[in-house]
Amino acid sequence: MAKPTRHQRQVLRALWPGFGLDCGYQAAHDLVQVFGREAPVLLEIGFGLGDALLQHAVDCPDWDHVGIEMHKPGIAQLIEAAAEHQLSNLRTIRRDARISLRDHLPNATWQEVWLFFPEPFPREADAERRIISPLLLDLLAAGSCSDTTLRLATDDDSYAEHMQRVIDEHPDWTGRKLKHRFAGRPVTKYEQRALDAGRTIHEFEVVTTA
């Protein structure tokens with residue numbers, strides 16, 4: 001994993017107070033207080049360089065946006081762009097998503113959740129490390145409303161099968177594989193490389209069963 005450049009470290013120091021949510025011991029965040037309003041919230045887990053999340057935040061000022069990512073260069077790129085657009089409807093968290101949902105966002109309600117191209121961990125011995133799991137769906141269900149939508153994408157065939165199995169076996173979610181690309185996601189460099197290599201992009205639209 002690449003380390004942040006000097007410029008990115010400067011960006012993180014300067015802009016984190018305005019765009020970051022600290023998640024230290026026993027720190028819990030009420031998003032209504034964070035954003036100063038009640039609004040639909042989009043959560044993106046593992047936003048990479050933040051292209052999709054940023055675009056949605058720019059296009060939908062009436063929504064609030066939370067991005068969870070561990071990669072410091074990606075966080076720096078996103079919050080620098082958010083500052084350039086003078087966005088007030090976007091915050092980021094640098095923490096494991098499952099811990100963030102359980103401990104730091106206990107009362108959050110999600111209108112949409114995005115998880116695009118997570119690490120596939122293709123080796124059978126590493127499969128349990130995949131972020132798409134019954135535990136994650138449990139945590140997301142706790143913050144779902146009656147029409148919450150979860151959107152997933154992967155270019156790994158075995159992970160797509162894993163996603164479908166986890167969705168099918170979970171009592172709180174039901175989903176289908178999309179035949180067409182979700183228009184709300186810009187094509188990233190990673191996805192373009194996958195397409196150029198001839199890999200199939202598997203997309204799922206999952207909704208709560210309540």
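Reader: Two strands pair if DSSP finds at least two bridges between them. With that in hand, which residue of β7 stands opposite Arg176?
Author: Opposite Arg176 stands Glu205 in β7. Please keep in mind that this is a predicted model.

Reader: How many bridges join β6 to β7, and in which sense do the two strands run?
Author: Five bridges join them, and the strands run antiparallel. Strand β7 also pairs with β5, in the antiparallel sense and over six bridges. There, Thr154 has His202 in β7 as its bridge partner.

Reader: Is β7 mostly covered or mostly uncovered?
Author: Mostly covered: of the seven residues in β7 (202-208), five are buried.

Reader: What is the strand order in the whole sheet?
Author: The sheet is open and has seven strands, in the order β3-β2-β1-β4-β5-β7-β6, with mixed pairing. At its edges stand β3 (90-93) and β6 (173-177); each has a single partner strand, so one side of each lacks a neighbour in the sheet. From one strand to the next, the twist averages 15°.

Reader: And in which sense do β1 and β2 pair?
Author: Strand β1 (residues 41-45) pairs with strand β2 (residues 64-68) in the parallel sense, over five bridges. Ile45, for instance, has Ile68 in β2 as its bridge partner.

Reader: Which strands does helix α6 touch?
Author: Helix α6 (residues 134-142) packs on the sheet and touches β1, β4 (110-116), β5 (144-154) and β6. Its direction makes about 145° with that of β5.

Reader: Changing topic, where is Glu69?
Author: Glu69 is in the loop between β2 and α4 (72-84).

Reader: Is Glu69 buried or exposed, and what is the nearest side chain of opposite charge?
Author: Glu69 is buried but has no salt bridge. The nearest side chain of opposite charge is that of Arg94, 7.6 Å away, whereas a salt bridge would need the charged atoms within 4 Å.

Reader: Which backbone nitrogens lie 3.0 Å from a polar atom of its side chain?
Author: The backbone nitrogen of Phe47 lies 3.0 Å from a polar atom of the Glu69 side chain, and the backbone nitrogen of His71 also lies 3.0 Å from such an atom. Setting aside neighbours within four places in sequence, the residues in contact with Glu69 include Gly46, Gly48, Ile75 and Ile93.

Reader: Finally, which residues of helix α3 are buried?
Author: In α3 (residues 51-59), the buried residues are Ala52, Leu53, Leu54, His56 and Ala57. Their cover includes β1, β2, α4, β3 and β4.

How values were computed
Residues numbered from 1 in each chain as written. Predicted model: local features only at pLDDT ≥ 70, side-chain atom pairs only at ≥ 80, totals over all residues. Heavy atoms only, no water. Helix = DSSP H or I, 4+ residues; strand = E, 2+ residues; numbered from the N terminus. Axes fitted to C-alpha atoms, helices over the stretch in contact; angles between N-to-C directions. Contact = heavy atoms within 4.5 Å. Buried < 20%, exposed > 50% of the residue type's maximum accessible area, 1.4 Å probe, protein only. Lys, Arg positive; Asp, Glu negative; His and termini not counted. Polar contact = N/O pair within 3.5 Å; in protein donor to acceptor, adjacent residues only side chain to side chain.
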